[in-house]
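Take a look at the structure below.

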Amino acid sequence: MSPDHFVQAIQNAVVRDNLAVYNEMFRTTPVDRAVDPLWIRALTMFNTLDDEGKDTLIEVIANVMVDTTANILGIVDGCCPVSGVDGDVTLSVGGQVIGGELQELFLELNETG
């Protein structure tokens, strides 16, 4: 698997698919059906927003997903050290190391949409 293919798969699974789930949950879950106290508060807040505010919150969630994923890929690439982790962190698929430029590829992918 090429780094480009891996990054696209991560984009699809982590950002696109999960964002669709959050978007659906926020827009269709009635507050009285929520059980988790955090979700009750989040849905209550979401429902107070106008359409532009709702869209903005979903965009913020997408940006958090992208930033978090990019940070993890940076750790795998070796360009973002993590305190307390001694040694190299590598990522391989089928025995082939694919790390080294994953963070950059992922960020480029998200710059173009």
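## H1 against H4

In which hand of crossing does H1 pass H4? The crossing is right-handed. Keep in mind that this model is predicted.

Residues of H1 in the contact include Pro3, Phe6, Ile10 and Val15. On the H4 side, Leu102, Leu105, Phe106, Leu109 and Asn110 take part. The contact of H1 with H4 counts nine nonpolar, three polar and one charged residues.

Now the geometry. H4 spans residues 102-111. The two helices pack at about 60 degrees, and their axes are 9 Å apart. That angle makes H1 oblique to H4.

## H1 against H3

H1 also packs with helix H3, residues 51-77. Here the angle is about 150 degrees, with the axes 10 Å apart. Angles over 145 degrees count as roughly antiparallel, so H1 is roughly antiparallel to H3.

This crossing is right-handed. Among the H1 residues in the contact are Phe6, Val14, Leu19, Tyr22 and Arg27. H3 contributes residues including Lys54, Ile58, Met65 and Leu73. By class, the contact of H1 with H3 has 13 nonpolar, three polar and three charged residues.

## Thr28 in H1

Thr28 lies in H1, which covers residues 3-28. Is Thr28 buried, partly exposed or exposed? Its relative accessibility is 47%, so Thr28 counts as partly exposed.

A polar atom of the Thr28 side chain lies 2.6 Å from the backbone oxygen of Glu24. Thr28 and Leu43 are 15 residues apart in sequence. In space, their C-alpha atoms are 9.7 Å apart.

Note on methods
Residues numbered from 1 in each chain as written. Predicted model: local features only at pLDDT ≥ 70, side-chain atom pairs only at ≥ 80, totals over all residues. Heavy atoms only, no water. Helix = DSSP H or I, 4+ residues; strand = E, 2+ residues; numbered from the N terminus. Buried < 20%, exposed > 50% of the residue type's maximum accessible area, 1.4 Å probe, protein only. Polar contact = N/O pair within 3.5 Å; in protein donor to acceptor, adjacent residues only side chain to side chain. Axes fitted to C-alpha atoms, helices over the stretch in contact; angles between N-to-C directions. Parallel < 35°, antiparallel > 145°, perpendicular 65-115°, else oblique. Left-handed = near helix turned anticlockwise from the far one by under 90°. Contact = heavy atoms within 4.5 Å. Nonpolar A, V, L, I, M, F, W, Y, C, P; charged D, E, K, R; others polar.
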